[in-house]
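Visitor: I am new to this structure. Please take one part and go through it closely.

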Amino acid sequence: MNLQTKVAVIGAGHAGIEAALAAARMGVDTVLFTISHEAIANMPCNPSIGGTAKGHLVYEIDALGGEMGRAADAVTLQSRTLNLGKGAAVHSKRVQADRKRYQAYMKGVLEKTENLRLVQAEIKEVRTDKSGHVCGITTHLGELWTCEAVIVAAGTYLESRIFVGDVNYESGPDGFLPSRGLSASLAALGITLRRFKTGTPARINRRSVDLSRLEIQEGEKDALPYAATTGESYLEGAAQLPCHIVYTNEATHRIIRENLSRSAMYGGHIHGTGPRYCPSIEDKVVRFADKERHQLFLEPMGADTDELYLQGFSTSMPTDVQTDMLHTLPGFEKAEMMRYAYAIEYDCCDPTDLTATLEFRTVSGLFGAGQFNGTSGYEEAAGQGLLAGINAARKIKGEPPVILPRASSYLGTLIDDLIIKGTNEPYRMMTSRSEYRLLLRQDNADARLTPIGHEVGLIDEARYAAFLQKQANIKAEIARLRATHLSPARANPFLEKNGCPPVHTGVSLADLLRRPGIDYAMLAELDGDRPSLTRKETLSAEVQIKYEGYINRQMGEVSRHERLESRMLPSTLDYQSIKGLRIEAAQKLSAQRPATIGQASRISGVSPADISVLLIYLGLH
């Protein structure tokens with residue numbers, strides 16, 4: 001039987017889904033392979049989408065034409081905006097998602113997408129032809145599928161092993177089968193593999209917890225959606241499920257300290273590197289020994305289940321210790337665990353072997369995405385999958401790749417960090433990782449990326465027309481606010497009422513909006529002729545006016561850095577022969593092959609003096 005496709009995607013987690021949808025929607029025949037259809041879009045850890053910097057990624061995925069934002073909007077149990085006490089650059093949307101409904105939504109979308117087939121099979125081997133280009137894959141049933149591109153989005157399944165205390169066994173997350181054999185095939189192709197580790201907390205039955213003793217955390221009734229195609233009032237009238245907050249205490253910490261040697265991590269059973277920014281509870285107790293308590297969040301898993309997730313309480317302790325730890329928490333004295341916590345170890349690649357398109361430098365047509373690339377988190381995975389799918393499709397169609405610079409997006413920052421700096425632990429996106437975070441806000445993700453989504457064919461004409469109208473409305477409103485002036489007699493009563501100093505000359509509405517404590521809605525009493533705009537339009541206009549000076553300053557920094565980013569480095573450049581270049585720099589540059597001077601400047605071990613040598617060399621060469 002002749003089995004063939006153009007793009008083969010290995011793994012139907014968050015990365016694989018976006019990769020497969022992107023390639024198929026761009027008109028390229030695609031097959032998405034998964035060990036189990038029940039594992040499609042699974043959330044083996046936190047049942048949420050978004051969070052600090054992760055919410056930005058979801059908006060960016062939607063702006064490019066991905067699916068995650070629409071899915072999250074459709075299954076929202078609760079929505080909140082984090083960091084509201086800080087500036088607009090770090091405001092981050094986060095939703096509690098109905099885990100099973102999210103899976104069903106994504107599976108339904110995949111099944112209905114043209115040019116896409118879903119196949120339940122374990123992939124054992126990636127094949128290449130004599131030229132070193134990907135030419136096919138083989139399944140555990142011995143089937144050979146010919147293809148022109150392969151995207152590895154295997155998540156935490158590659159040779160994965162579960163750890164609970166001193167017990168460990170081969171398994172994927174949530175009891176699914178692991179992927180066995182594919183790692184050896186990739187290694188045979190010259191792909192460098194490493195061992196990473198992550199973990200997840202126990203799941204608890206709601207009826208066994210005294211919720212009245214916990215601090216309640218409600219959702220935002222006026223939350224804006226992720227997706228441009230979701231109505232702004234999508235949560236109006238919806239009964240959002242609450243989350244709850246609880247804290248560890250001295251009894252919890254004592255049990256952890258007394259049993260550290262029984263932890264799989266501290267007992268020496270785990271050899272993979274874990275995530276620094278999402279440590280286990282035993283790691284928190286050891287690393288922050290002076291802290292008397294740690295905050296935990298009790299979150300719903302779905303509207304039709306009593307299963308709850310205890311965020312911040314991940315552990316690899318034995319089951320008896322897990323039970324003792326849990327029962328020390330107020331309200332959890334009789335708590336019943338429905339699933340025990342565990343740590344999981346898995347293979348992943350060295351992302352410095354990838355180019356900015358997420359294609360491996362040494363194997364043409366082979367792409368990596370998601371946790372296979374050394375990241376953590378659903379949102380980081382989905383963004384990479386989307387870009388890998390776009391570039392695999394464009395490679396097959398003979399079109400130029402899509403490369404996102406750091407200044408364009410958090411997704412561009414993430415990929416640049418991975419391929420240039422690498423990572424020695426599961427990489428997590430944070431707003432602090434971007435030097436341009438005031439430019440990379442949630443509210444302007446579409447302005448930054450929707451033209452790219454439209455160009456590659458993932459944003460249709462109707463949506464693009466709506467996008468252009470939105471941008472025109474924002475621009476017109478900013479101009480109107482700047483041009484509308486008020487006399488001191490009219491402005492000062494308003495300023496006095498809101499605790500602001502008076503003005504002595506005429507003042508524009510834009511000037512008033514820049515005052516601390518003044519927002520767009522408050523100006524309505526002075527602005528009776530304002531146009532009817534959407535909340536997203538008014539938010540973007542307000543932010544652009546309030547932060548105009550800082551935004552302009554950051555745009556100047558981008559312009560200066562773009563000069564370095566635009567200076568291309570020949571792929572065949574012999575760094576060892578360049579006089580004046582330090583040995584360490586020459587070795588690092590030869591190994592990583594940066595595409596631009598800007599990328600070269602971010603490689604560890606390459607100094608500003610080395611960059612000067614390169615610039616001089618390129619000017620003379």
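Guide: Alanine 24 lies in helix H1, where helices (H or I, at least four residues) are DSSP runs numbered from the N terminus. The model is a predicted one, in which local features need pLDDT of at least 70, side-chain atom pairs count only at pLDDT 80 or more, and totals for chains, interfaces and linings use all residues. Residues are numbered from 1 along each chain as its sequence is written, and side-chain values use heavy atoms, with hydrogens and water left out.

Alanine 24 has a relative accessible area of 1% and is therefore buried (under 20% relative accessible area, with a 1.4 Å probe and protein chains only). Apart from neighbours within four places in sequence, alanine 24 is in contact with Thr30, Thr113, Glu114, Asn115 and Leu116, contact being heavy atoms within 4.5 Å.

Helix H1 covers residues 14-25 and packs against helix H9, residues 378-396, at an angle of about 30°, with the axes 7 Å apart. Axes are lines fitted to C-alpha atoms over the stretch in contact, and angles run from 0 to 180 degrees between N-to-C directions. H1 and H9 are therefore roughly parallel to each other, a term for angles under 35 degrees. On the H1 side, the residues that meet H9 are His14, Ala15, Glu18, Ala19, Ala22 and Ala23. Their partners in H9 include Tyr378, Ala381, Gly385 and Leu386. By class, this contact of H1 with H9 has 10 nonpolar, 3 polar and 1 charged residues (Ala, Val, Leu, Ile, Met, Phe, Trp, Tyr, Cys and Pro count as nonpolar, Asp, Glu, Lys and Arg as charged, and the others, Gly among them, as polar).

Methods
Helices (H or I, at least four residues) and strands (E, at least two) are DSSP runs, numbered from the N terminus. Angles under 35 degrees count as roughly parallel, over 145 as roughly antiparallel, 65 to 115 as roughly perpendicular and the rest as oblique. Buried means under 20% relative accessible area, exposed over 50%, partly exposed in between (1.4 Å probe, protein chains only).
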